[in-house]
Structure formats: structure tokens, C-alpha cells
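I opened the model today to look up a few things. My notes follow the order of looking.

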Amino acid sequence: MIRRKRPVAGACALLAALTAGLAFPAGAAAGEPTGQDAPKVNLVLDVSGSMRAKDIDGQSRMAAAKQAFNEVLDATPEEVELGIRTLGANYPGDDRKEGCKDTAQLYPVGPLDRTEAKTAVATLVPTGWTPIGPALLKAADDLDGGDGSKRIVLISDGEDTCAPLDPCEVAREIAAKGIGLVIDTLGLVPNAKLSRQLSCIAEATGGTYTSVEHQDELTDRVNELVDRAAEPVVTPVATQGADSCDKAPVLKSGLYTDREEFGQQRWYRVELFSGQELRASVSVAADRAVRPDYGVLLRAVTVHDREIVRGEATGNGRTDVLSTGLRYPKPERDDDDSDKPAAEVVCLAVTNSFSADSGVKTTPGLPLELTVDVVDGPDGADDVASFGLGRGWWLLGALILTGFLAGLVWGWLSRWRLAVWRTN
């Protein structure tokens, strides 16, 4: 049986797009897939002593993992650069300090030689500790460089044994780098504590967690994740908002990612020409335990600190992602305005009211995903700005006029029927 837990951070882009109803222009923009570099996958396998247990289809966990890896290596797409890293494969002793260093690259990330990779996998013997945190840090370094998709697939049968280096915190630190790296996790034991840890690792980077109990399930899932790496993806561009508008980065149309501390406000700038419309949306994910009752506010403000329009959303603890959006059309210039600047600088301010209990680590900040789209504005942009109803204003006017005429006709018919009744 396979149980999946959907990721939070990975849903941010979809939620942001749905919030504002955005459509990117055909030209290349920030956050669009470029396809310049080959997709990379790093398979991270737990080879600790517990992998000797024989509880997967009558064979050991290690044997099931080896068989799955051989089938995955045969099915790996040619365009995918694949590597294999181990944890707990080399140090058999009791020294915890040494055991927590036990992670090695079994097969380097690069063009796949299937025979060589299978030979390397065949040599593995369950040995030592379970240093998941250190292995993830090294696995991220293995994938450094390039703008293609990057994915780590972690397979483990036990919790990390190298605390206080919390693997969940490590995953958040990797996500905070803004390199677009996704970590998917697979648990070989239906254990509640292991499930929580692997789920947290996956959610921190927008990945998935899956619990598998059979060898064919493990093979199918790893194959699916490797194939997914070959699909075109949109990777948000890392940016860093400022604490004031005048210091904020200028953003073009595209998808951006940032980190925002609890209760913090981040500023960004967008240049808007007359006749254009700014569409912006933001999603903030609670990738750790937070108190209920929170909100996200997105404001468009002039450089003189006058608010133009805002979008806001609130939550009560039942959702881990909050999204909101706004639209601001800049009217066409009149001929008399030719001496005025053609572009207007619009400041976007993102504020959140998340809070955490004592003991919850507040750094790095919460994942923030910002979508910016500058398009040709609708006809009559000044009307849109005034009424806030977009093209729906004309529909509303038509409905009012239709209702008024229908009322007149109904009144005339009622009086005519009454006159006939009195005559008869």
C-alpha cells in the first residue's frame, strides 16, 4: 500500500496562479523553464545496519532496494544525469561522531553508465548509522550548478541518528538557498515518527513523502520520481525583498521566491507604463508548527506611500498555505501628460501575521512565492481602478438596466390585467 502526503511548498506556485488568474507572455521571463541544462537526480540510500531486516516480500530491505535500483537504472531516461549517494555504508563502529560522518558518493551525478552504476550498488552491505542530515547537505552539494531541474530521492528505513542536526532544519536551509532543489522521501517502515520526519523533509522543499512496504512499489515510485525530473518545470527565481520601498529590488514579469520572517514585511518594486496592468499574487507557506489565526496581506503602494489596492487572506490553522492577489491598471496618458514620466514605480509590500510557539525555530523565514505579471491593460482602465470590478462593471450595469425594464413591463401587465378584471 502506498500512502502519499501532498507537499505544501510545491503547491505555492499553483495557488498563486489561481489567485490572480495569471498568464505569462510568450517571451522568456523570470521563472520560465529554460531547458539549457540536463535534469539531475541524486538517489540517497540508507545503508545502515537496520536495512538487514527481512520484512519486504520475504527478503531484506537492502535486497529490495538493490533490486529496485537495478530496475530504475535500466529505465532512467537518457537525458537525466543520475548519481547515487549512501549514508551509513562504511563505518561499522560505535563512535557516534564518526558514524555521523558516514556518507559517500557511490556514483557521481552525471551521464549514466548503467553497468558501472549497477556494479557499485551490488557492493553495498548494511553497516552503520543513519546520518540523514549530513547526507542531505552533501547530496545538495553534489547537485550544485546549472539551471536544470534538481531532485534528491531519499530512501530510508529509520530516523536520523545524528541529532541535533535536524534533517528537517537541513531541508529548510536547502530550500532557503533558492536553488530550486526538491527532496522526495520514501519510508520503508510504516513508523509514525519516521513518517513525520520524512514528511517534514519533503514538505520543506516542495517534495513528496511516500510509505512503501513492497519491492515493486519502491521500484515504481522511484521510477516515477526520476521520470518527473525529466519533465519541464518552472523554477522560481530567488530574490530578496527589502525593508523599505526605496531599497527594494525591481522585478519583471515572472515567478520569484523569497523568505519572510514571522510578522515581517518585505518590499519589492515593479515599473508600470501607461496602458499596462499589474497583476501580482503571493503565497506564504507555514513549513513548521505555527499558532492558529494568521493572515497574509499584499499591497500596491505608490512611492509616496499612498495605498493603491490591496489583497488579503486569513487562516485559522486548517491550511498550511495562504495566497492572495491584486490587480492595478494604469490608465493611458492624455496628450497633455506628455511631460510626465512614462513609467510609474509601484511598490509591492508583503506582510504576514504568522507566529510560533516558544521552541519553534524561526530561521530561515517562511517560504514566500511571488508572481508578477505586467500585461496590456483593459479598455477603460480608469473605470477599473475606480470601481474595482474590472470588466464585470459593464455586466453589472447591463443587469441593472435589464431589471429596470423588466420591472416596467411587469407593472404595465399587472395594471392591464387589473383593468380587465374590473371590467368583467
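I took helices (H or I, at least four residues) and strands (E, at least two) as DSSP runs, numbered from the N terminus. On that basis I find ten helices and 16 strands in the chain.

Ground rules next. I am working on a predicted model, where local features need pLDDT of at least 70, side-chain atom pairs count only at pLDDT 80 or more, and totals for chains, interfaces and linings use all residues. Residues are numbered from 1 along each chain as its sequence is written, and side-chain values use heavy atoms, with hydrogens and water left out.

Whole chain. I looked up burial (buried is under 20% relative accessible area, exposed over 50%, partly exposed in between; 1.4 Å probe, protein chains only). Of the 424 residues, 47% are buried. For contacts (heavy atoms within 4.5 Å), I kept those with a separation of 6 or more: 77% of them join residues 24 or more positions apart.

Aromatic pairs. I paired rings of Phe, Tyr and Trp (its six-membered ring) with centres within 6.5 Å; planes under 30 degrees apart are stacked, over 60 edge-to-face, the rest tilted. I get one pair. Tyr294 and Phe354 have ring centres 4.5 Å apart and planes at 20°, so I log them as stacked. Tyr294 sits in strand E12 (residues 294-301) and Phe354 in the loop between strands E15 (343-352) and E16 (366-376), so the pair ties together parts 60 residues apart in sequence. Both residues are buried.

Last stop, Glu277. I find Glu277 in strand E11 (residues 276-285). Its relative accessible area is 0%, so I note Glu277 as buried.
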